[in-house]
Amino acid sequence: MSTGTKLRNIGPKSAAWLRQTGIRTQEDLVAVGSLAAFVRVKRAGFKPSLNLLYALEGAILGCHWQEIPDERRSELVLAAGEEVSKLPLPKGKRMPAAGPVTTVRHDEDEGAMPEPDFGFDDPQSSSAD
């Protein structure tokens with residue numbers, strides 16, 4: 001990832017993400033671990049797929065990411081889900097604080113539109129009104 005160093009399974013975009021999170025070499029990746037590296041990338045605001053998690057694990061193990069056993073993949077996915085759920089939502093994605101609710105009534109004689117029919121009521125029962 002630094003000059004002349006290329007991690008297995010890691011393309012240019014993923015390498016750039018890793019560099020921006022302080023992981024620049026194979027040694028850095030091994031020291032941090034695949035799960036923590038993946039979480040760092042998510043925390044930085046990037047949107048990696050689970051393939052990056054598998055690629056990081058493969059880079060550490062020295063194998064192609066598709067060779068990661070299903071059991072290990074499941075462990076990684078479960079652990080990643082737990083760790084990512086602890087991250088705060090990005091600033092633009094946070095739920096706004098609830099504001100006051102105002103109810104507005106429209107009288108039919110004022111030219112208000114009739115309430116829409118969503119199909120929940122029995123049409124024959126409405127004729128009894």
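## Overall organisation

Among contacts in the protein chain between residues at least 6 apart in sequence, 47% join residues at least 24 apart. The model described here is predicted. Its protein chain contains six helices and zero strands, giving the pattern α-α-α-α-α-α when read along the sequence. Of the 129 residues of the chain, 24% count as buried.

In soluble globular proteins, nonpolar side chains tend to be buried together. The largest nonpolar core of this model has 17 residues, and those touching the most other members are Ile 10, Leu 18, Leu 29, Ala 37, Phe 38, Leu 52 and Leu 56. Two or more residues are given to this core by each of helix H1 (12–20), helix H3 (34–43), helix H4 (50–61) and helix H5 (70–85). H4 supplies the largest share, five residues.

With its neighbours within four places in sequence left aside, Ile 10 is in contact with Ala 15, Leu 18, Leu 52, Ala 55 and Leu 56.

## Packing of H4 and H5

Two packed helices are described by the angle between their axes and the distance between the axes. For H4 and H5, the angle is about 120° and the axes lie 11 Å apart. The two helices are therefore oblique to each other, and H4 passes H5 in a right-handed crossing.

On the H4 side, the contact is made by Leu 50, Leu 53, Tyr 54 and Glu 57; on the H5 side, Arg 72, Arg 73, Leu 76, Val 77 and Ala 80 take part. The residues of this contact comprise six nonpolar, no polar and three charged.

Definitions and conventions:
Residues are numbered from 1 along each chain as its sequence is written. This is a predicted model: local features need pLDDT of at least 70, side-chain atom pairs count only at pLDDT 80 or more; totals for chains, interfaces and linings use all residues. Side-chain values use heavy atoms; hydrogens and water are left out. A nonpolar core is a set of buried Ala, Val, Leu, Ile, Met, Phe, Trp, Tyr and Cys residues joined through side-chain atoms within 4.5 Å. Buried means under 20% relative accessible area, exposed over 50%, partly exposed in between (1.4 Å probe, protein chains only). Helices (H or I, at least four residues) and strands (E, at least two) are DSSP runs, numbered from the N terminus. Contact means heavy atoms within 4.5 Å. Axes are lines fitted to C-alpha atoms, for helices over the stretch in contact, and angles run from 0 to 180 degrees between N-to-C directions. Angles under 35 degrees count as roughly parallel, over 145 as roughly antiparallel, 65 to 115 as roughly perpendicular and the rest as oblique. A crossing is left-handed if the near helix is turned anticlockwise from the far one by less than a right angle, and right-handed if clockwise. Ala, Val, Leu, Ile, Met, Phe, Trp, Tyr, Cys and Pro count as nonpolar, Asp, Glu, Lys and Arg as charged, and the others, Gly among them, as polar.
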